[in-house]
Amino acid sequence: MKHIFWIIGLIALFFIGDRVGGYVLEQIVLKSKFRYSRLYKGEAKADILLVGNSRGLSFYQPYMEEMTGKSTFNVSYSAMPMTLAEVFVNDYFEKYGKPEQMLIDVTICDRDNPQLIAGFNAYSAFSPRVDSIVTATEKTVGYGGKFSHLFRYNGEIFQRSVFYLNKLDNNWLLDREIAQRLKDDLINVDTPSVKLVPRMVESLQRTVQYAESQGVDVKLVVSPYYKPFAEKLTNLDEMIAQVEKATNKKVYDYSRSMERSDDFGDYQHINIKGSRTYISLMQKDGIIPDKNQKIGYSH
Amino acid sequence: MVFNSLEFLAFIVVFFLLYFNLKGRFRLWLCLIASYFFYGMWDWRFLGLIAVSTVIDYQLGLKLENENNDVKRKNYLIISMMMNLGFLAVFKYFNFFADSFAVMVEGLGMVPSWNTLKIILPVGISFYTFQSMSYSIDVYKRAIPVERDFIKFATFIAFFPQLVAGPIVRASEFLPQFDREIKWNWDRFISGTGQILWGFFKKVAVADSLSLVVDNAFFDPMVHSSMQLAIGVVFYSFQIYCDFSGYSDIAIGLARIMGYDFPDNFRTPYFSKDFSEFWTRWHITLSSWLRDYLYISLGGNRGGGFGSVFFILVFMAIPIALTKSLIIIGICAALIIGTWIYMKQGEKETKTAYNYMNLMNTMLLGGLWHGASWVFVFWGFLHGSYLVVQRLIGPYFGAFMRFLRIPKFGQTGINIAIVYFFTCLAWVFFRAPDFTIAMEVINGIASFENFNWANVTNKFGIASGFILIGMLLFVEITDLKVNYAGLLQRSPAFRVVSFATILWIIAFFGTFGANAFIYFQF
C-alpha cells in the first residue's frame with residue numbers, strides 16, 4: 001500500500017510542479033519585451049505592421065520609424081511560414097484594430113516550417129489561434145503542451161523571450177558585413193531558386209484580402225538579396241508573377257536593387273547599414289510614407 | 001520502435017501487464033514474441049536473420065556439448081564463427097570492402113567491373129552476433145553448460161531491451177537467470193524506474209539537444225568559427241556518451257523490473273585518469289568481450305604469434321594500398337623495422353612488442369566493429385596508439401609530475417584533462433563522415449580563428465547544452481559520495497522529488513522527435 005502512496009505523490013507532485021512552473025514561465029514570457037510578448041500584452045499598437053521571415057527583419061524598425069515618423073511593429077521571425085504570420089496578423093487586428101499600412105516581404109511564402117510553428121507553443125496560452133495552429137501542425141506538441149505546461153516552454157522561442165526580458169528586439173538585424181569567404185564561395189553555390197509553397201500563397205492571399213477589406217494599405221515587396229546571388233536566382237521573376245496573380249497586387253521587387261556588398265550580412269540578408277539604403281529606396285518609390293505624409297490605400 | 005517513442009510506451013505497458021500475469025514458459029514465450037515484435041517493427045525482413053542465427057547456434061551448441069572429438073568440436077565452432085562473421089561481412093562490411101578493393105584495383109590501373117550491393121544494415125547486428133558468438137565460444141571451451149531449452153536460448157539472443165544496442169550480455173550471465181522464479185518486486189521497480197528515467201534524461205534531454213549543435217558543426221565545418229567547432233566537438237563527446245549510456249540505462253532498468261540483472265555498461269568514463277581505465281568505464285561489455293575473446297586469444301600481455309603479426313600487417317597494408325602515400329609507407333616501414341630491432345633484444349622485449357601489437361589489433365578491430373568505414377578504423381588506431389604510448393611514457397610522465405611537486409589532486413586533474421582531450425580528438429574521426437571533414441574540424445579549431453563567443457551561432461542551443469551537461473556532471477560527481485540508487489530505495493520523499501524533477505527537466509529541455517540512438521547503426 002505504501003508504494004501506491006508514493007506513486008500517487010509522484011503524480012501529484014509532477015502536475016503541481018508542472019503547473020506552478022508553467023505559470024512562472026508564462027509570466028516570464030508575458031513580462032518579456034520580445035515582439036510576440038508585446039503583441040499579446042497590448043504594447044504593439046503601431047501605424048505600420050511589418051511581416052516577413054528573416055528577410056522581413058530588413059524592415060529595420062529604428063530607421064523605419066526615424067525616416068517615416070510612423071510607429072512600427074514587426075512580426076517577422078527567421079524561417080517563419082506565412083500561415084504563422086497570418087495568425088499573428090489576425091491577432092494583431094483583433095487586439096489593436098487596423099494599422100495604417102502593412103508591408104509584407106513575399107519570400108515568406110517559400111517554405112512551411114512545422115518545427116518553428118511548434119516552437120510557438122510558448123504563446124499558445126495567450127492566443128487560441130496560436131494554440132490551434134500548433135496543434136494542427138504538430139499534434140503531439142499541441143497535446144503535449146496541454147498535458148505538461150512546462151513542455152510549452154521547451155524551445156528557442158521561450159529562450160528568446162528570456163533573452164529579451166528587459167530589452168526591446170526592434171533592432172534585431174545582422175550587424176556584420178558579408179564575409180569575403182562567402183563572396184568567394186558564391187561560384188560554388190548551386191543555382192538557387194525560390195520555391196513557393198501553395199498553402200503559403202493561399203495564406204498570403206487571405207491575409208491581403210482581409211487587411212484590404214479593413215481598409216489597410218497593403219504593400220508587397222521582395223527585399224534585396226546580395227546582388228551576385230540574386231543574379232543566380234533562376235525563378236525569382238516567375239515567383240513574383242505567381243504572387244501577383246494570386247493576390248491581384250503588384251509586388252515591388254528590390255531583389256537586385258542594392259549593389260554594395262557592405263550593405264549585406266550574407267547572401268540573403270541586408271545588414272543594419274544596408275537597411276537604411278533599402279528603406280530610402282522604398283521611400284523614394286512611395287512604398288512607405290515620408291515623414292508626416294499620410295498613408296494612402298492603393299492596389 | 002525506439003525507446004523514446006509513444007509506440008514503445010504503449011508496447012511496454014501492455015508487455016508488463018501480460019508479463020507479470022503470466023508464469024513459467026508462458027512468460028518466456030511472451031518475452032520471445034515481444035522481442036521479435038519489437039525487432040520486426042524496425043524491419044520484419046531481418047527477423048529471419050536472427051532466427052537463422054539462433055537456430056544454427058543452438059544446434060551447434062548441442063553438438064559442441066555432445067561431441068568429444070576435439071577436431072569435430074573445433075569444426076563446429078568454426079561453422080558458428082563463419083556464420084556469425086559471415087552475416088556481419090555480408091550485411092555490414094560487404095560494400096565497405098568492395099569499395100576499398102575497387103580503389104586499390106583502380107590504383108593499379110585496372111577498372112573494376114562489379115557494383116556494390118544495395119544492402120540495408122540490419123539494426124543491432126553487431127550486438128546480437130557478438131552475443132551469439134560468445135555463447136558458442138564458451139560452450140566450446142566448456143566454460144558454460146549448453147542451453148537445451150530452445151525458447152530460453154532464442155530469448156537470450158533476441159531479448160528486446162538490449163537487442164539492438166546492448167549491453168552485450170554473456171550467456172553465462174544471462175541464461176541462468178531464466179531459471180529464477182520472478183515475481184513483481186517493488187525494490188526492483190524503484191531502482192529500474194530510476195535508471196530508466198535517468199536514461200531518458202541522458203537521451204532525450206542531453207543527447208538529442210546537443211545533437212542540434214553537433215550536426216551543425218560537422219555539416220560544413222568551413223563556415224564555422226574556431227569556437228563553434230570546439231563546442232561542437234565537446235558537445236559530441238557528451239552526446240555520444242549520453243546517447244549510448246542512456247540506451248544502456250533504459251535497457252538495464254527495463255530488465256531489472258522484469259527480474260533480470262544486466263552488467264553496467266558505463267561508469268563515468270570522462271573521469272578516467274588513463275586510457276586503460278577509460279576502457280574499463282566506456283562500453284564495458286564490448287571492451288570486456290574484446291579483451292576475453294580477442295585480446296587474450298591473440299596472446300594478451302603474455303606474448304603473441306602469427307595472429308598478432310598478421311592483423312597488424314593487414315591493417316598497415318590496406319592504407320598503403322589505398323593511399324599509396326609515401327609518408328604512410330615510411331611510417332609503416334619505420335614501425336616494422338623498429339619493432340623488429342626491439343624484438344631482437346630479448347625475450348622480454350619480444351613479449352612487450354607482442355603485447356603492444358595485441359592492444360593495437362584489438363582497438364583496430366574494435367574500431368571496425370563500430371562501423372564499416374576507415375574513420376572508425378582510424379578511431380580504433382588512435383585509441384590503440386594512446387594505450388601503447390601510455391605504457392611507454394606513462395611512468396616517466398607520472399615521475400615528472402611528482403618532480404614538479406604537483407599535488408595529488410592536481411595530478412589527477414591533469415590526467416583526466418589529458419585523457420578527455422585525446423578522447424575528444426578521436427571522437428572527431430568517429431563523428432565525421434570522412435577524413436576531409438574530420439581534418440576541416442581539427443584545422444578549424446587549431447586555427448583559433450574567431451575564437452570568441454560573438455562568432456558563435458545558436459547561442460540559445462549552446463547555453464541550454466552547457467546547462468544540461470552541468471546537470472549531468474553534477475549528478476555523476478555527487479553520486480560518488482551520495483549513492484543516489486541507495487537513497488532512492490531508502491527515502492520515498494527523495495524518490496518522489498527526484499523522479500518528478502527528472503520528468504520536469506525532460507519536459508522542459510527534452511527534444512521529442514523519437515530520434516534513433518546512435519549505436520543502432522553499429
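**View 1. Helices H12 and H13 of chain B pack with axes that come within 9 Å.** In this predicted model, H12(B) spans residues 306–323 and H13(B) spans residues 326–344. Their axes cross at roughly 160°. Angles over 145 degrees count as roughly antiparallel, so H12(B) and H13(B) are roughly antiparallel to each other. The crossing of the two is left-handed. From H12(B), the contact is made by B:Leu313, B:Met316, B:Pro319, B:Ile320 and B:Thr323. H13(B) contributes B:Ile328, B:Ile329, B:Cys332, B:Leu335 and B:Ile336. By class, nine residues of this contact are nonpolar, one is polar and none is charged.

**View 2. Helices H1 and H9 of chain B cross at roughly 20°.** H1(B) covers residues 6–19 and H9(B) covers residues 226–258. Their axes come within 11 Å. Angles under 35 degrees count as roughly parallel, which means H1(B) is roughly parallel to H9(B). This crossing is right-handed. On H1(B), the residues in contact are B:Phe8, B:Ile12, B:Phe15, B:Phe16 and B:Tyr19. They meet B:Leu254, B:Ile257 and B:Met258 in H9(B). The contact of H1(B) with H9(B) has eight nonpolar residues, with no polar and no charged ones.

**View 3. Helices H5 and H6 of chain B meet with axes that come within 9 Å.** H5(B) runs over residues 125–140 and H6(B) over residues 150–158. The axes cross at roughly 135°. That angle makes H5(B) oblique to H6(B). B:Tyr128, B:Gln131, B:Ser132 and B:Tyr135 form the H5(B) side of the contact. B:Phe153, B:Phe156 and B:Ile157 form the H6(B) side. By class, the contact has five nonpolar and two polar residues, and no charged residues.

**View 4. Chain A and chain B bury about 1,900 Å² between them.** Of this buried area, 77% is on carbon and sulfur atoms. The interface brings 22 residues of chain A into contact with 22 residues of chain B. Between chain A and chain B, the count of salt bridges is zero.

Key:
Residues are numbered from 1 along each chain as its sequence is written. Chains are lettered from A and ligands numbered from 1 in the order in which they are written. This is a predicted model: local features need pLDDT of at least 70, side-chain atom pairs count only at pLDDT 80 or more; totals for chains, interfaces and linings use all residues. Side-chain values use heavy atoms; hydrogens and water are left out. Axes are lines fitted to C-alpha atoms, for helices over the stretch in contact, and angles run from 0 to 180 degrees between N-to-C directions. Helices (H or I, at least four residues) and strands (E, at least two) are DSSP runs, numbered from the N terminus. Angles under 35 degrees count as roughly parallel, over 145 as roughly antiparallel, 65 to 115 as roughly perpendicular and the rest as oblique. A crossing is left-handed if the near helix is turned anticlockwise from the far one by less than a right angle, and right-handed if clockwise. Contact means heavy atoms within 4.5 Å. Ala, Val, Leu, Ile, Met, Phe, Trp, Tyr, Cys and Pro count as nonpolar, Asp, Glu, Lys and Arg as charged, and the others, Gly among them, as polar. Buried area is the accessible area (1.4 Å probe) that two parts lose on being put together, summed over both. A salt bridge is a side-chain nitrogen of Lys or Arg within 4 Å of a carboxyl oxygen of Asp or Glu.
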